[in-house]
Amino acid sequence: MSVSHPMPAASPIAATPFRPTGPLMGVLPLAIGIVVAVLLHVILPGFVGPYYSRIVIDIGIAIILAVSLNIVNGMTGQFSIGHAGFMTVGGYTAGLITYYGSYFIWGTLGKHGVFLGTGEWLFAASCIVGGLVAAGAGYIVGLPSLRLRGDYLAIVTLGFGEILRVVLQQTGKVLDDGAAIRAAGWSQWLPPPVGGAIGFDGIPKYTNLFWVYTFVTITVVVAYRLKHSSLGRAMISVREDEIAAQAMGVNIARQKVLAFVMAAFFAGVAGGLFAHERGVIISPKDAGFQRSFDYVIMTVLGGRGSISGVTLAAIILTALPELLRDFEQYRLIVFALLLIVMMIVRPQGLFGIHEIWHFWRRRSR
Amino acid sequence: MLSINDLSVSYGSIQALRGISLHVEAGEIVTLIGGNGAGKSTTLRTVSGLLSPRSGQIQFEGQAIQGQPPHLIAQRGLVHVPEGRGIFANLTVEENLQLGAYFRHDKAGIRTDRERALTLFPRVRERLQQQAGTLSGGEQQMLAIARALLSRPKLLMLDEPSLGLAPQIVQTIFQVIREINQEGTTILLVEQNASMALQVAHRAYVLEVGCIQMEGDAKALAASDDVRKAYLGAH
C-alpha cells in the first residue's frame, strides 16, 4: 500500500513569475520582434493583399498607442484622454521633416529610395524626432497632473488635444512645389505650413509593415521591462497608494511626469507612422477627442496595466470595425455597448492587471 | 534624534495641532496616545512631510526637515507606516517588499534586511508570491511594517498598528515592535490602544485636542489616575 505524501509546497523558483534577466533577455525579444517584422513585411502582402496589409499596419499603430497610453492610465493610475494629441504632435513633426526635408536634401517632394534606403531612414529618424517633440508636450501636460486628480486631470488632457486641434487649423497651406518653398519667407515658416483644416497632404508614404512592427516591438518590450523594473513598480505604487508610495521614498511627482513623457514619446512615434501611412492625410481632427477616446477604450478593455490585454484589445478594436465595414455607422453604438457590458461583467478589464500567461499558468498549476 | 518644537498645523481654518513640542531619543520607543481627533496622526503626517506645518520646527538628527517633500524625508531614514497600512494591494507581497527598498542600491544590505524582516514576520514569508490585497488585516499590517524595515529606518513611525486587528495579532505585532527596537531602531508609535502602547513604550505623550497634556515615563503614566480614567478604562 502506498503512502500518500502531502504535495510539497511549490518551490520558490516555480512560483517566481517569469522575468527577463540579463542583457540577452533584453536584446532577444527585440531581435525576435524585428525578424517577425521583416517576415511580415516580405510575406504578408503577397498572401492577403494590400487591403488587409493596411489593416495590419493600422493594428500595429493602435498597439503602440494603446500600450503607451497604458503607462499613464494603467500603470501610474492617472487618467489621460489626450493621447491622440501627442500622436498628432509626433505626426505633424515627422511629416514636416520628411516632406520639407526631402526637398532640401534630394530636391524632390516625393518618396526617396527603396526598402531600407536613405528615404526610409530619414522617415525612421523623423518618427523618433516626432516622439521627442511629443515627449516635450507630454512634460508640459504632465505638470498639471501633480496638482490635479481624476476627472480634473482628464479635462486638462482633453483640453490639450482640443487646443492643438484648433491651433493646427490655423496653419497655412502646404507649399507644394520647389519654387514656393524657395520663395517662402520667415513669416510663412512660422507657424509651419502644414495645411490647416484640410490636413497635411503630400507627406511621402513611407510607412510599411517592417517599420510599424519594429516600433511595436520596441514599445512592447520597453513597456514590459518597465513594468518589471524598480521604476515601473514605483509608478504602480503611485496608482495603488500615493501616501504609502511617498513613505517608501518614491517621488510621486517625478513618476507621474515621467509616465506622461514616456507615453507621449511612443504616441509621437506612432503619430509619425500614421502620418506616413498610405491612404492617410493627417489632419487637425486627429488630435481631437474621438481618437483619444478610442485608445482609452482599448486600455479600459484590456485591463489596467496588462500589456498583453491592452495589445489584444487594440487588435480587436482595430480589426472589428474594418471587418464590419458595412455597419460602420453603428460602430460607436457597438463600442458603447461593449464598454457597458464590460463594466458589468469585468470591470477590471479583460485581464485586470495580469498578463495573459498568468491565467494560463494558474490553470496548468 | 527627532525633536519637534512648538509645532502648529491647520486643516484650513481648523487647527489640529496647537504648538506641541516633543522629542525622541535614539533607541527609544516613544508613544503618542490620545482620543480621536487629538492630533496624533496629524503629528506623524507632518513629520513625514505629508502635511506642512503652519509654524514650528522639526529637527531630525540635528537638521531642520519641516517643509521638505515626503520622499526626501523617507530617504533620510524617517519612515512612516501610515494608518490603514497603505499596502499596494495589486502587487505581490514580494513586490511590496521590493518597493520598501526602492531608494536603496546596496544589494547585500537589502538582502540582509529582507531576511531580517521575514524572520520577524514568518507569516509574510509564507505569502511572498501572493497578492498583497488577499492577505488578512493582520498580515497586511505585518507586511506594512516589514516593508518599512526594508527602507532601513533610523526612526520608524507607526500609525495605529493595532487598528481593527484581533487581540492575539495585536500581541504578536507589539512583540515584534519591541524586537525591532531592541535591534536598534528607534520607534515613534501612535496608538489608541493606550494600554498596549504604554506597555511597550519607554516614554509617552498624551495628546488632547492638539495640545500635549502629559508626558513622562510610560510606566508612570500607566499608573497615573488621570490616564487610567481617561484612556485605560479603569474607574
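This report looks at charged pairs and nonpolar cores in a predicted model.

## Salt bridges in the structure

Side chains of opposite charge can pair when their charged atoms come close.

## A buried pair and its network

B:Arg104 and B:Asp113 form a salt bridge in which the closest N and O atoms are 2.7 Å apart, and both of these residues are buried. The pair also belongs to a network of salt bridges, in which B:Arg104 and B:Asp113 are linked with B:Asp106 and B:Arg152.

## Pairs that join separate parts of chain B

A salt bridge is also formed between B:Glu183 and B:Arg116, whose closest N and O atoms lie 2.4 Å apart. Because B:Glu183 sits in the loop between α7 (167-182) and β8 (186-191) of chain B, while B:Arg116 belongs to helix α4 (residues 107-120) of chain B, this pair ties together parts that are 67 residues apart in sequence. B:Glu183 has a relative accessibility of 45% and therefore counts as partly exposed, and B:Arg116, at 25%, counts as partly exposed too.

In another salt bridge, between B:Glu139 and B:Arg127, the closest N and O atoms are 3.0 Å apart. Here B:Glu139 is in helix α6 (residues 137-149) of chain B and B:Arg127 is in the loop between α5 (122-126) and α6 of chain B, so that the pair links distant parts of the chain, 12 residues apart. Are these two residues buried or partly exposed? With a relative accessibility of 6%, B:Glu139 counts as buried, because the cut-off for buried is under 20%, whereas B:Arg127, at 24%, counts as partly exposed.

In soluble globular proteins, nonpolar side chains tend to be buried together. The largest nonpolar core of this model has 145 residues, and those with the most contacts inside it are A:Phe86, A:Phe200, A:Val250, A:Leu273 and B:Leu156. Helix α2 (residues 22-75) of chain A supplies the largest share of this core, namely 16 residues.

Which residues surround B:Leu156, leaving aside its neighbours within four places in sequence? B:Leu156 is in contact with B:Val79, B:Val81, B:Ile145, B:Ala148, B:Leu149, B:Thr185, B:Thr186, B:Ile187 and B:Leu188, once those sequence neighbours are left aside.

Technical notes. Residues are numbered from 1 along each chain as its sequence is written. Chains are lettered from A and ligands numbered from 1 in the order in which they are written. This is a predicted model: local features need pLDDT of at least 70, side-chain atom pairs count only at pLDDT 80 or more; totals for chains, interfaces and linings use all residues. Side-chain values use heavy atoms; hydrogens and water are left out. A salt bridge is a side-chain nitrogen of Lys or Arg within 4 Å of a carboxyl oxygen of Asp or Glu. Buried means under 20% relative accessible area, exposed over 50%, partly exposed in between (1.4 Å probe, protein chains only). Helices (H or I, at least four residues) and strands (E, at least two) are DSSP runs, numbered from the N terminus. A nonpolar core is a set of buried Ala, Val, Leu, Ile, Met, Phe, Trp, Tyr and Cys residues joined through side-chain atoms within 4.5 Å. Contact means heavy atoms within 4.5 Å.
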